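Subject: Structure handover

Hello,

Here is the structure you asked for. My notes on it follow below.

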Amino acid sequence: MTDYVIDVHDLCKSFGARRVVDGFTLQVAASEICGFLGANGSGKTTTIRLLCGLLVPDSGSGTCLGLDILREAPKIRQQIGYMTQRFSFYEDLTVVENLELVAGVYEMTDSGAAIDDIIARMGLGDYRSDLAGHLSGGWKQRLALAACVLHRPKLLLLDEPTAGVDVKARREFWDLIHDMAGEGLTVLVSTHYMDEAERCKRLVYLADGRIVVEGTADTLTRESGIVTFEATGEDVDSAARQLRHAPGVEAATVFGRVLHVASTERSGLEQAIHTYKGGALTWREVEPNLEDVFIHQLAAREQPK
Amino acid sequence: MNGFSFNRLRALLRKEWIQVRRDPTTLRMIVALPIMQLLLFGFAINGNPKNLPTGLLIAEPSQYERTLVTAMRNTGYYDIRLLSSEAEGEKGLAAGDLLFVINFPANFDRSVDRGDAPSILVDADATDPSAIGNATAALGQIATALNRDLPSMRQTQTAAPAFQFQVHARYNPEQLTVLNIVPGLICMVLTMSTMFITTLSITRERERGTMENLMAMPVRPIEIMLAKIAPYIVIGYLQVALILVFSAVVFQLPIRGSLPLLMLALGVFIASNLALGLTFSTIAANQMQAQQLAQFTLMPSFLLSGFFFPFRGMPTWAQWIGEIFPTTHAMRIVRGMLLKGNGVYDILPDLWPIALFTVVILGVAVWFYRSTLD
Ligand SMILES: Nc1ncnc2c1ncn2[C@@H]1O[C@H](COP(=O)(O)OP(=O)(O)OP(=O)(O)O)[C@@H](O)[C@H]1O
Ligand SMILES: [Mg+2]
């Protein structure tokens, strides 16, 4: 039909009276890494479950890997790797045993070699024979990552895959993801980490089960219309406290010794900076970053309610 | 994922087997439970109670009667006291104050001398057959007690008994005996351990979140179900072996039928229990609910199985319900095979209902198994 690996239209899903996914439409091309962002409870997990057929949408339609998500969910499952948000492997099985289960269920013919390979790549070697339940949080996460790419899926659906994983492992994981994307793997990954969002080719921002902004990290920051200034000087903390509630300022945050303020209205923000009377601060305008964009989005969502 | 796959089943089986092995508490329970129950029941049923309260209805003791009463006393089983009326005897039996009422017919001595072989009526409270079993059996030993008292010419005619005891088992005419209880026990222990273990299987995966992962993988419901049942069939057999050996050694339980056939039949029974547990596990929202469902079924399946009450004594509708439960049929098979030496044709009428039940129930489980999280 199309070349899109994910191609869904108007997916809706309600739990009781609560509409959690509301007209979700998305196209993801092959070997694209698509970042899935949004506030807690915005429907990321639910959407991912709809995509792999774990939940049935109330309405809407679409395909994953060219297979209908409603009628061909079992076939889709054969070709995707899904990593759940909550650790969902067997704690009373060892790392290797868990991987062997996955290999067996996908009927892999070269399971031994594939398991050794992924264990090496994820650095799980020292923990091969440890019970999964005895691993620390980050290592559990690495096991789950290893398991969901073991059978070389064509599409990866990752739900906050690196929550609690240390920086080095996170980088290694993302390197792995990029390697695999280079070989044709398509990835949809939900995350709350900005550095990870920046490593995605495309970002999708979800609010109340709907995509509100999408694009590359660059386009998102450029088109957000956000103006940001940074100040250095004495006592940035009290400056932040005052400016946070000043008219025309949407956000004022301190990073170490640097005060970062943002707003969508340039004049209002400059006005606020001008009228601020505190310790001496040196101001300069900077490029907005992704976090500014998402904080803005989150704040904009909260106001009408 | 087109159709059933043995490779997938093997992978799932392996996982279940590892999990079973790594759960020492459950394993210990699996061994301890049957032994404990056998000991518990065995102690109760194998006791050889003596000095049982016995009422005697007798007008004025004659010579023969006195001899017989003394002989009964000497067995050690009877603690005899005189009753004033039949009504007193009835009341005593009903209240449980008396386990036996012995009633000598009028003109006993004369009937004996005439060679009429009069009957001594023994009313026995058979609610607990194990309590009166040995005492009743001891009556047989005193059949010759009168021989010394009899006139010499009657003593030579040993062919005809001088008198007879007519035991009237009250309240429990089927007279379940020790040997009758052990087969029932086998079925009960098997049901308790196998059904209860599998009730947890699916709900536990759902509660731990592992179900979401399993469902996202290309597995078929029937593969999951079979993998969950299989290890416990092995364990069920282990329990059967344990119970049989234990019963044979401690209770001298005979095994008159073919042992392989018994094992086969019990295998079907174990499978039915596992299927039932699995179905509860599939239907229930959590482990608690699943256990409650199992408990609700356990009661009627035992009460209506003929273990506690004689099956033929139940109203027709209750018999119909009883016929549905595998326990009822298993109880008959095991009793028949152990005690009567029944063969394959004798047990078939009870074997197919269990098999049918298993298939239907497993179908229900697969039907209710949700392949989505909805
Ligand atoms: N099975 C369910 N039954 C009822 N409500 C549900 C169910 N699953 C999710 N919800 C609700 O749907 C909403 C969206 O949940 P979802 O898990 O998709 O959010 P999320 O974007 O993944 O959040 P987070 O970032 O915290 O993981 C939440 O309000 C949640 O309470
Ligand atoms: Mg989530």
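Is B:Arg114 buried or exposed? With a relative accessible area of 56%, B:Arg114 is exposed. Please keep in mind that this is a predicted model. B:Arg114 is in a salt bridge with B:Asp116, and their closest N and O atoms are 3.0 Å apart. Elsewhere in chain B, salt bridges with shared partners link B:Lys15, B:Glu16, B:Glu205 and B:Lys228 in one network.

Salt bridges

Over all chains, the whole structure has 31 salt bridges. Two of those in chain A are described here.

A:Lys168 and A:Glu172 meet through their side chains at 2.9 Å, N to O. Both belong to helix α6 (residues 167–182) of chain A, and because they are four residues apart there, about one helical turn separates them. A:Lys168 counts as exposed, at 59% relative accessibility. A:Glu172 has a relative accessible area of 33% and is partly exposed.

A:Arg19 and A:Asp22 form a salt bridge as well, at 3.3 Å from N to O. A:Arg19 has 44% relative accessibility, so it counts as partly exposed.

Where chains A and B meet

The interface takes in 29 residues of chain B, in contact with 29 residues of chain A. The size of an interface is often given as the accessible area lost when the parts come together. Between chain B and chain A the buried area is about 2,700 Å², and carbon and sulfur atoms give 55% of that. On the chain B side, B:Arg22, B:Glu212 and B:Asn213 lose the most area to chain A; together they make up 19% of what that side buries.

Four salt bridges are counted between the two chains, B and A. One pair joined by a salt bridge is B:Arg22 and A:Glu97, with the closest N and O atoms 2.8 Å apart. The count of residue pairs in polar contact between chain B and chain A is 15, with both residues at pLDDT 80 or more.

Three elements of chain B give two or more residues each to the side that touches chain A: α1 (6–21), α9 (201–208) and α10 (210–216). The largest share comes from α1(B), with eight residues. Sorted by class, the chain B side has 11 nonpolar, nine polar and nine charged residues.

The magnesium ion

Which residues are the protein donors of the magnesium ion (ligand 2)? They are A:Thr45, through OG1, and A:Gln85, through OE1, lying 1.9 to 2.1 Å from the ion. A:Thr45 is in helix α1 (residues 44–51) of chain A, while A:Gln85 is in the loop between β6 (80–83) and α3 (95–105) of chain A, so the pair ties together parts that are 40 residues apart in sequence. A:Thr45 has 17% relative accessibility and counts as buried, because the cut-off for that class is under 20%. A:Gln85, at a relative accessible area of 39%, is partly exposed.

Chain A in outline

Chain A has 11 helices and 14 strands. Its C-alpha trace spans about 70 × 45 × 35 Å along the principal axes. Of its 305 residues, 53% count as buried. Taking contacts in chain A between residues at least 6 apart in sequence, 68% join residues at least 24 apart.

Two places inside chain A

Helix α9 (residues 236–244) of chain A has these buried residues: A:Val236, A:Ser238, A:Ala239, A:Ala240 and A:Leu243. What do the buried residues of α9(A) pack against? They pack against β11 (227–233), β12 (251–255), β13 (258–263), α10 (266–275) and β14 (281–286) of chain A.

The other place is A:Thr186, in strand β8 (residues 186–190) of chain A. A:Thr186 counts as buried, at 1% relative accessibility. Neighbours within four places in sequence aside, A:Thr186 is in contact with A:Val5, with A:Val28, A:Ala29, A:Ala30, A:Ser31 and A:Glu32, and with A:Lys154, A:Leu155 and A:Leu156.

Regards

Definitions and conventions
Residues numbered from 1 in each chain as written. Chains lettered and ligands numbered in written order. Heavy atoms only, no water. Contact = heavy atoms within 4.5 Å. Buried area = accessible area lost by both parts, 1.4 Å probe. Polar contact = N/O pair within 3.5 Å; in protein donor to acceptor, adjacent residues only side chain to side chain. Nonpolar A, V, L, I, M, F, W, Y, C, P; charged D, E, K, R; others polar. Donors = N, O, S within 2.8 Å, 3.2 Å for Na, K, Ca; no water. Buried < 20%, exposed > 50% of the residue type's maximum accessible area, 1.4 Å probe, protein only.
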